[in-house]
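Please describe the salt bridges, the overall fold and some individual sites of the protein shown below.

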Amino acid sequence: DDDDDYMDKDESGEKKLHYGPLDASGNSLPVEMTCIWNDPRHRAMLDLSGPEVAILLSARRIQLRDALKNEEERGFSYAPLTYERIAREYETSFVAVGRSSGPDRYEPHVLRRAFSHLLECDVMRPEVDHTGKGPRQYFFAHEYSLLNDMTLVKMPLHVTLDLDREVGEALRRRLLDCSSALREWGMKMN
């Protein structure tokens with residue numbers, strides 16, 4: 001019967017209602033992961049499409065690599081995270097080396113639309129440094145469609161999720177909607 005799909009058996013063999021949050025396999029999440037369901041940003045992260053996940057994983061790889069270089073070379077000054085760097089990372093280290101298969105090979109216009117959606121969902125936001133070396137200020141207008149494409153592509157970005165801990169943990173637990181090849185690529189730094 002259809003209700004059995006939502007039922008589990010406990011230790012005594014009794015049927016009990018099986019309710020979310022659930023992972024991609026339909027199993028209940030561990031208690032330590034259920035806290036992410038209380039935060040709308042984290043829920044949005046788990047609902048991301050494949051191209052959006054590809055953008056976040058590219059950003060994660062760039063930031064981890066820049067942090068590692070900064071530790072190795074004191075005073076290393078890395079370029080800010082931009083959509084241009086993200087798209088290049090995806091194109092040169094995932095698609096061009098043959099790691100992508102059919103379903104996770106996204107056209108540039110699909111990635112661009114996914115990027116726009118990440119901005120609208122406030123997973124990423126443009127940041128502006130008016131002083132040259134001062135603290136970043138975030139652009140909250142949500143009228144990104146008014147900015148021309150070249151400005152938006154080159155504008156420094158801030159990711160509101162912790163790419164290493166939050167996205168990395170969701171990646172390790174297979175909570176993100178992406179292919180195995182994209183997941184493995186996202187876990188590596190080079």
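## Salt bridges

A salt bridge is counted where a side-chain nitrogen of Lys or Arg lies within 4 Å of a carboxyl oxygen of Asp or Glu. By that criterion, the whole structure contains 10 salt bridges. The model is predicted: local features need pLDDT of at least 70 and side-chain atom pairs count only at pLDDT 80 or more, while totals for chains, interfaces and linings use all residues. Residues are numbered from 1 along each chain as its sequence is written, and side-chain values use heavy atoms, with hydrogens and water left out.

One of the salt bridges pairs E84 with K154, with 3.2 Å between the closest N and O atoms. It links distant parts of the chain, since E84 belongs to helix 4 and K154 to helix 6 (residues 149–154), 70 residues apart. For accessibility, buried means under 20% relative accessible area, exposed over 50%, and partly exposed in between (1.4 Å probe, protein chains only). E84 is partly exposed at 31%, and K154 is partly exposed at 44%.

R113 and E120 form another salt bridge, with the closest N and O atoms 3.6 Å apart. R113 has a relative accessible area of 48% and is partly exposed; E120, with 48%, is partly exposed. In the pair R165 and D162, the N to O distance is 2.8 Å. R165 is exposed at 61%, whereas D162 is partly exposed at 25%. Shared partners also join R61, R65 and E89 into one salt-bridge network.

## Overall fold

The protein has eight helices and five strands. Helices (H or I, at least four residues) and strands (E, at least two) are DSSP runs, numbered from the N terminus. Read from that end, the order of elements is β-β-α-α-α-α-α-β-β-α-β-α-α.

Of the 190 residues, 37% count as buried. The accessible surface, from the Shrake-Rupley method with a 1.4 Å probe, is about 11,400 Å², and carbon and sulfur atoms hold 50% of it. Contact means heavy atoms within 4.5 Å. Among contacts with a separation of 6 or more, 62% are between residues 24 or more positions apart.

## Helix 3 and helix 4

Two packed helices are described by the angle between their axes and the distance between the axes. The axes of helix 3 and helix 4 come within 9 Å and cross at roughly 95 degrees; axes are lines fitted to C-alpha atoms over the stretch in contact, with angles from 0 to 180 degrees between N-to-C directions. The two helices are therefore roughly perpendicular, a label covering angles of 65 to 115 degrees.

Helix 3 contributes A54, I55, S58, A59, R61, I62, R65 and D66 to the contact, and helix 4 contributes Y83, R85, I86, E89, Y90 and S93. By class, these are seven nonpolar, two polar and five charged residues. Ala, Val, Leu, Ile, Met, Phe, Trp, Tyr, Cys and Pro count as nonpolar, Asp, Glu, Lys and Arg as charged, and the others, Gly among them, as polar.

## Two buried sites

T82 sits in the loop between helix 3 (50–72) and helix 4 (83–95). With a relative accessibility of 7%, T82 is buried. Leaving out residues up to four places away in sequence, T82 touches V153, K154, M155, P156 and L157.

G168 lies in helix 7 (residues 163–172) and is buried, with a relative accessible area of 0%.

Note on methods:
Parallel < 35°, antiparallel > 145°, perpendicular 65-115°, else oblique.
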